[in-house]
Amino acid sequence: MKVKSRDESLNTTGECDGSSDLLTGNGNPPSGQRKKNMKQRFLKLLPCCHVDPNPVVRQSNIEEDFEIATVCYRPDSVDKLMELTKFTRAELKVLYRSFKNECPTGAVNEETFKLIFSHFFPQGDSSAYAHFLFEAFDRRRNGAVSFEDFVVGLSNILRGTVTERLCWAFSLYDLNKDGYITKEEMNDIMKSIYDMMGKHTNPYMKDSASTEHVESFFKKMDRNNDGIVTIEEFLESCQTDEAIMESMHMLDHVV
């Protein structure tokens with residue numbers, strides 16, 4: 001498994017490389033070079049996932065981290081996490097070491113999550129999008145993202161089937177978790193993405209861009225024109241969209 005250094009994972013220029021188009025189907029299928037760049041930088045969107053370029057894997061020490069509570073929150077065993085995710089034992093250990101370095105208490109609250117996330121987008125305001133992303137990872141709805149929450153979500157995104165990945169994306173957009181995506185929810189999501197990218201983008205985005213994006217989304221997804229998008233409509237629309245499918249497959253083997 002190839003791991004990226006912390007410095008390589010960070011993008012201090014704030015370039016987004018089309019990341020906002022990844023799950024909304026905006027634009028054409030990524031070119032080879034763009035696909036490579038997006039793939040290499042995907043993990044910058046996920047706090048607590050910066051891996052040491054030369055990890056020293058000492059079996060006894062890492063096993064102790066899983067078995068002895070040296071932090072406030074004790075993670076499940078490696079074997080249990082292997083059952084819950086599609087990561088190997090070695091991958092989980094490297095991810096845990098990185099997570100613990102960034103989140104030494106064993107879990108991260110929303111304010112810390114937002115603070116970490118803000119470093120990746122210094123040119124804009126990432127707080128709203130970080131809030132939505134935090135809620136998508138917070139499986140237990142207890143105001144904290146544990147290592148288990150993190151790797152289960154990451155596994156769905158990076159190792160899940162196309163359907164599992166799309167369901168995760170739907171849960172991100174369904175802000176109140178009622179099983180539907182409304183225009184208001186998509187407006188909030190798109191505004192948060194454009195706020196995060198900031199005003200100084202290349203090419204420049206006009207003020208109406210987020211509203212136009214929402215209208216395009218609903219024109220494509222809302223098949224019966226009732227003003228909401230169901231999970232069935234979302235899956236059917238995405239699975240017949242070449243650009244979205246290309247984006248889904250782009251995530252294969254990022255880690």
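**A walk through the fold**

Buried residues make up 48% of the 255 residues in the protein, where buried means under 20% relative accessible area, exposed means over 50%, and partly exposed covers what is in between (1.4 Å probe, protein chains only). Keep in mind that this is a predicted model: local features need pLDDT of at least 70, side-chain atom pairs count only at pLDDT 80 or more, and totals for chains, interfaces and linings use all residues. Residues are numbered from 1 along each chain as its sequence is written, and side-chain values use heavy atoms, with hydrogens and water left out.

On to the overall layout. The protein has 13 helices and four strands; these are DSSP runs (H or I, at least four residues, for helices; E, at least two, for strands), numbered from the N terminus. Of the contacts (heavy atoms within 4.5 Å) with a separation of 6 or more, 68% are between residues 24 or more positions apart. The accessible surface comes to about 12600 Å², and carbon and sulfur atoms hold 50% of it; the areas come from the Shrake-Rupley method with a 1.4 Å probe, and for residues only the protein chains shown count as cover.

Now for the aromatics. A pair of aromatic rings is described by the distance of the centres and the angle of the planes. Here, rings of Phe, Tyr and Trp (its six-membered ring) pair if their centres lie within 6.5 Å, with planes under 30 degrees apart called stacked, over 60 edge-to-face and the rest tilted. The structure holds 15 aromatic pairs. In one of them, the ring centres of Tyr96 and Phe147 are 5.0 Å apart and the planes are at 70°, so the pair is edge-to-face. This pair links distant parts of the chain, with Tyr96 in helix H5 (residues 89-102) and Phe147 in helix H8 (residues 147-159), 51 residues apart. Tyr96 is buried at 4% relative accessibility, and Phe147 is buried at 1%.

Most residues other than glycine have a negative phi. Lys177, though not a glycine, has a positive phi of about 55°; Lys177 sits in the loop between helix H9 (162-173) and strand E3 (180-182) and is partly exposed at 31%. Asn225 also has a positive phi of about 55° without being a glycine. Asn225 is in the loop between helix H11 (209-221) and strand E4 (228-230), and is exposed at 67%.

Last stop: Ser237, in helix H12 (residues 231-239). Ser237 is buried, at 2% relative accessibility. Leaving aside residues up to four places away in sequence, Ser237 touches Lys220, Met221 and Arg223.
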